[in-house]
Amino acid sequence: ESIFHSIHVTLLEELKPATGDLIVLQIHGFHTSKHEGYPQAVFGFGKKMDGKEFTMAEKLESAFSAQGINVGLCTGDVWQDLCGTKNAQASAASGGIFIHIELDENLRKHDDPLIAALVEVFGKRLPP
């Protein structure tokens, strides 16, 4: 019932018919002091991961790793507190690809490798 969720649902309805399968990356942050031993980035998929999400997650994991970013995929029992398994927006994104991304504070402050990885997967960076 939040404005965030209402906007998310509205954007899904507007964009999906125009673009076909929609890819939603929902980016969050976590602090390493509360998640010791975690990778710099954790990818979650809502309640479950299907084939399209797994394929996209592998591409992102490869691009992040090539930039020296340590990545964890929520494919089992690890990092469950950051996996977004109860994410309301993931439930609303049926038919598209939804990936919940948690980034540690260092990666958020020094984001050039993150941006380079996203550009590698999704295309060239637009000018500011």
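**Figure 1. Residues where helix H2 meets helix H5 in the predicted model.** Met56, Lys59, Leu60, Ala63 and Phe64 of H2 are in contact with Leu114, Ala117, Leu118, Glu120, Val121 and Phe122 of H5. Sorted by class, the residues of this contact are nine nonpolar and two charged, with no polar ones.

**Figure 2. The crossing of H2 and H5.** Two packed helices are described by the angle and the distance between their axes. H2 covers residues 51-66 and H5 covers residues 112-122. Their axes come within 8 Å and cross at roughly 135°. Because angles over 145 degrees count as roughly antiparallel and 65 to 115 as roughly perpendicular, this angle makes H2 oblique to H5. The crossing of H2 past H5 is right-handed.

**Figure 3. The second largest pocket and its lining.** A rolling probe the size of a water molecule shows where empty space is left between atoms. The second largest pocket holds about 190 Å³ of space. Helix H1 (3-19) and strand E1 (23-30) are the elements that each give two or more residues to its lining.

**Figure 4. Residues lining the second largest pocket.** The lining consists of Phe4, Ile7, His8, Leu11, Leu12, Leu15, Leu22, Ile23, Val24, Leu25 and Gln26. H1 supplies the largest share, six residues. Nine of the lining residues are nonpolar and two are polar, while none is charged.

Technical notes. Residues are numbered from 1 along each chain as its sequence is written. This is a predicted model: local features need pLDDT of at least 70, side-chain atom pairs count only at pLDDT 80 or more; totals for chains, interfaces and linings use all residues. Side-chain values use heavy atoms; hydrogens and water are left out. Axes are lines fitted to C-alpha atoms, for helices over the stretch in contact, and angles run from 0 to 180 degrees between N-to-C directions. Helices (H or I, at least four residues) and strands (E, at least two) are DSSP runs, numbered from the N terminus. Angles under 35 degrees count as roughly parallel, over 145 as roughly antiparallel, 65 to 115 as roughly perpendicular and the rest as oblique. A crossing is left-handed if the near helix is turned anticlockwise from the far one by less than a right angle, and right-handed if clockwise. Contact means heavy atoms within 4.5 Å. Ala, Val, Leu, Ile, Met, Phe, Trp, Tyr, Cys and Pro count as nonpolar, Asp, Glu, Lys and Arg as charged, and the others, Gly among them, as polar. On a 1 Å grid over the protein atoms alone, a cavity is a set of points where a 1.4 Å probe fits but cannot get out, and a pocket is an open set with protein on both sides within 12 Å along at least five of seven lines; lining residues have an atom within 4 Å of a point. Grid points are joined across faces, edges and corners, and a volume is the space filled by probe spheres set on the points.
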